[in-house]
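Here's a quick briefing on the fold below. Have a look at the sequence and the model, then read on.

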Amino acid sequence: MPKLDGLQLLKAIRSYAPTKKTPFVILTGRGDKELVQKAAALGVNNFLVKPVSVPVLQKTLEAVVGRLQ
């Protein structure tokens with residue numbers, strides 16, 4: 001993302017009333033504790049660290065947003 005990173009985007013989504021409860025999954029190459037804690041503090045629904053298999057991604061998304069069709 002050229003202008004925002006994932007945490008900045010999550011913060012913006014959570015600060016706007018109509019999208020405050022929008023499901024949000026972070027998929028990143030970084031899994032350091034500080035990043036995970038910041039994401040949790042901002043209300044991320046799930047956090048995945050690459051590489052992620054398709055079945056794990058699908059299961060995670062289904063848990064967060066419901067069954068995919």
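Predicted model: local features only at pLDDT ≥ 70, side-chain atom pairs only at ≥ 80, totals over all residues.

A polar contact here is a pair of N or O atoms within 3.5 Å, where, within protein, one atom must be able to donate a hydrogen and the other to accept it.

**Overall layout**
- The protein chain has three helices and two strands, and from the N terminus on they run α-β-α-β-α.
- Taken along the principal axes, the C-alpha atoms fill a box of roughly 30 × 30 × 25 Å.
- If you look at contacts between residues at least 6 apart in sequence, 26% of them join residues at least 24 apart.

**A closer look at helix α1**
- Helix α1 covers residues 6–15, and L7, L10, I13 and R14 are buried in it.
- Seen down the axis of α1, those buried residues fall within an arc of 125°, so they line one face of the helix.
- On the other side of α1, you'll find K11 and S15 exposed.
- What covers the buried residues of α1 includes strand β1 (25–28) and helix α2 (33–42).
- D5 caps the N-terminal end of α1, with a side-chain oxygen 3.0 Å from the backbone nitrogen of L7.

**Surface and charge**
- Of the 69 residues in the protein chain, 20% count as buried.
- The accessible surface of the chain comes to about 5200 Å², and 58% of that belongs to carbon and sulfur atoms.
- The chain carries 11 positive and 4 negative charges, and their mean positions are 6 Å apart.

Key: Residues numbered from 1 in each chain as written. Heavy atoms only, no water. Buried < 20%, exposed > 50% of the residue type's maximum accessible area, 1.4 Å probe, protein only. Helix = DSSP H or I, 4+ residues; strand = E, 2+ residues; numbered from the N terminus. Arc of directions from axis to C-beta. Contact = heavy atoms within 4.5 Å. Areas by Shrake-Rupley, 256 points an atom, 1.4 Å probe, with all protein chains shown as cover. Lys, Arg positive; Asp, Glu negative; His and termini not counted. Charge placed at Lys NZ, Arg CZ, Asp CG, Glu CD.
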